[in-house]
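Reader: I'd like to go through this model with you and ask what stands behind each label. Shall we begin?

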Amino acid sequence: MASRRVVWVGLIIACTPNRFVNTCLLPVSFSTSSTLYRGVLFTMAIGLAGHLIAAYAPSWLNGILLALVLGMVVGNLVRLPKVLEPGIGFTGSKLLELSVLFLAFGIDYGHVAALGTETFIIMAVVVDGMV
């Protein structure tokens, strides 16, 4: 039986193309024969590429958006090895949910309050419907 170990996967969430604002370490337990780390490293490379490309893109194309688009393009145009699937699945589910949570901390709630009660209720209904 393969031994089990805990690996700390570093998650960096960038809110602007020029600085990292939140860092989170997430414990992941998997067997030493697992290939989870390869897919996680692959998705981290795509995220880093999106972050680096954002420095040369128009201001409305931030690193997060570029990384998402780049990931969709690569995932649909390139046949990825099966060995990457567990890590990509983990990153696309658990880490993506966690990154969205951290992005919520970067929202300026003063601007949301200035929109008015009606707009806030519409936003709350839309977010609740998505959950």
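Reader: How many helices and strands does the protein chain have?

Author: The protein chain has five helices and two strands, and their pattern along the sequence is β-β-α-α-α-α-α. Helices (H or I, at least four residues) and strands (E, at least two) are DSSP runs, numbered from the N terminus. A word on the source: this is a predicted model, in which local features need pLDDT of at least 70 and side-chain atom pairs count only at pLDDT 80 or more, while totals for chains, interfaces and linings use all residues. Residues are numbered from 1 along each chain as its sequence is written, and side-chain values use heavy atoms, with hydrogens and water left out.

Reader: Why is Thr91 called buried?

Author: Buried means under 20% relative accessible area, exposed over 50%, and partly exposed in between (1.4 Å probe, protein chains only). Thr91 has 17% relative accessibility, so Thr91 counts as buried. This residue is found in helix α3. Of the 131 residues of the protein chain, 24% count as buried.

Reader: What makes the pairing of Thr91 with Thr43 a polar contact?

Author: A polar contact is a pair of N or O atoms within 3.5 Å; within protein, one must be able to donate a hydrogen and the other to accept it, and residues adjacent in sequence count only if both atoms are side-chain atoms. The side chains of Thr91 and Thr43 make such a contact at 3.2 Å. The Thr91 side chain also reaches the backbone oxygen of Gly87 at 2.8 Å.

Reader: Which residues does Thr91 touch, not counting residues up to four places away in sequence?

Author: Those are Val40, Thr43 and Leu96, where contact means heavy atoms within 4.5 Å.

Reader: How do you know that the span of α2 is close to the expected one?

Author: The expected span of a helix is 1.5 Å times one less than its number of residues. Helix α2 (residues 63–77) has 15 residues and reaches 21 Å from its first C-alpha to its last, close to the 21 Å expected.

Reader: Which residues of α2 are buried, and why are they said to line one face?

Author: Gly63, Leu66, Ala67 and Val74 are buried in α2. Seen down the helix axis, the buried residues fall within an arc of 100°, so they line one face; the arc is that of the directions from the axis to the C-beta atoms. The face turned away from that buried side carries exposed Met72 and Asn76. What covers the buried residues of α2 includes α1 (36–53).
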